Amino acid sequence: MAFRDEVYALVRRIPAGCLLTYGDVAELAGHRGAARQVGWALRALPELEIAPNEANLPWWRVVNRSGTLADFPSRNLQMEMLREERIEVDEQGRFDLQRYRWEP
């Protein structure tokens, strides 16, 4: 299976209301240390995959290691989607990874 396919398969499993970091996704997919490549894989999603719907990959559930959002053009949409899933963000723009991190 190609790297992107492994990443996408894992991200599809993240339940609503939960988060993983790019590094978590890389490690769980068997590619420890490939956090940046996970970000590139998610950033490579076609435009139709970015607008969230039930059939799409839940890319918005992946954050950086400090529990904040990466500086992508879809950052505002990502924040909106996470808030809709009742994931709280603090005043510094951080998500509590201890509370929301998914452990498969």
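Which residue forms a salt bridge with Arg32, and how far apart are the closest N and O atoms? The partner is Glu27, and the closest N and O atoms are 3.3 Å apart. By salt bridge I mean a side-chain nitrogen of Lys or Arg within 4 Å of a carboxyl oxygen of Asp or Glu.

A word on the ground rules. This is a predicted model, in which local features need pLDDT of at least 70 and side-chain atom pairs count only at pLDDT 80 or more, while totals for chains, interfaces and linings use all residues. Residues are numbered from 1 along each chain as its sequence is written, and side-chain values use heavy atoms, with hydrogens and water left out.

Back to that pair. Arg32 is exposed, with a relative accessible area of 69%, whereas Glu27 is partly exposed at 45%. For those words, buried is under 20% relative accessible area, exposed is over 50%, and partly exposed is in between, with a 1.4 Å probe and protein chains only. The areas themselves come from the Shrake-Rupley method with a 1.4 Å probe, and for residues only the protein chains shown count as cover.

Now let me zoom out to the fold. The chain has six helices and two strands, and reading from the N terminus the order is α-β-α-α-α-β-α-α. Helices (H or I, at least four residues) and strands (E, at least two) are DSSP runs, numbered from the N terminus.

How compact is the chain? Its radius of gyration is 13 Å, close to the 13 Å that the globule rule gives for 104 residues, so the chain is as compact as a globular protein of that length. That radius is taken over C-alpha atoms, and the rule is 2.2 Å times the number of residues to the power 0.38. If you like boxes, the C-alpha atoms fill one of roughly 40 × 30 × 25 Å along the principal axes.

Of the 104 residues, 43% count as buried. The exposed surface comes to about 6500 Å², and carbon and sulfur atoms supply 46% of that. Contact here means heavy atoms within 4.5 Å. Among contacts between residues at least 6 apart in sequence, 61% join residues at least 24 apart.

On to charges. There are 14 positive and 16 negative side chains, and the centres of the two sets lie 4 Å apart. Lys and Arg count as positive and Asp and Glu as negative, with His and the chain ends not counted. Each charge is placed at NZ of Lys, CZ of Arg, CG of Asp or CD of Glu.

One joins Asp24 and Arg101, with the closest N and O atoms 2.8 Å apart. This pair links distant parts of the chain: Asp24 sits in helix α2 (residues 22-28), Arg101 sits in the segment after α6 (97-100), and 77 residues separate them. Asp24 is buried, at 18% relative accessible area, while Arg101 is partly exposed at 34%.

The other is between Arg61 and Glu85, at 2.7 Å from N to O. Arg61 is in the loop between α4 (47-50) and β2 (62-63), and Glu85 is in the loop between α5 (75-84) and α6, so the pair ties together parts that are 24 residues apart in sequence. Arg61 and Glu85 are both buried.

The loop between α5 and α6 also holds Arg86. Please look at its backbone: Arg86 has a positive phi of about 65° although it is not a glycine. The residue counts as exposed, at 68% relative accessibility.

A quick stop at His31, in the loop between α2 and α3 (35-43). His31 is partly exposed, at 28% relative accessible area. Which residues does it touch, leaving aside neighbours within four places in sequence? Those are Phe3, Glu6 and Ala26.

Leu45, in the loop between α3 and α4, is buried at 8% relative accessibility. Trp40, found in helix α3, is exposed at 55%.
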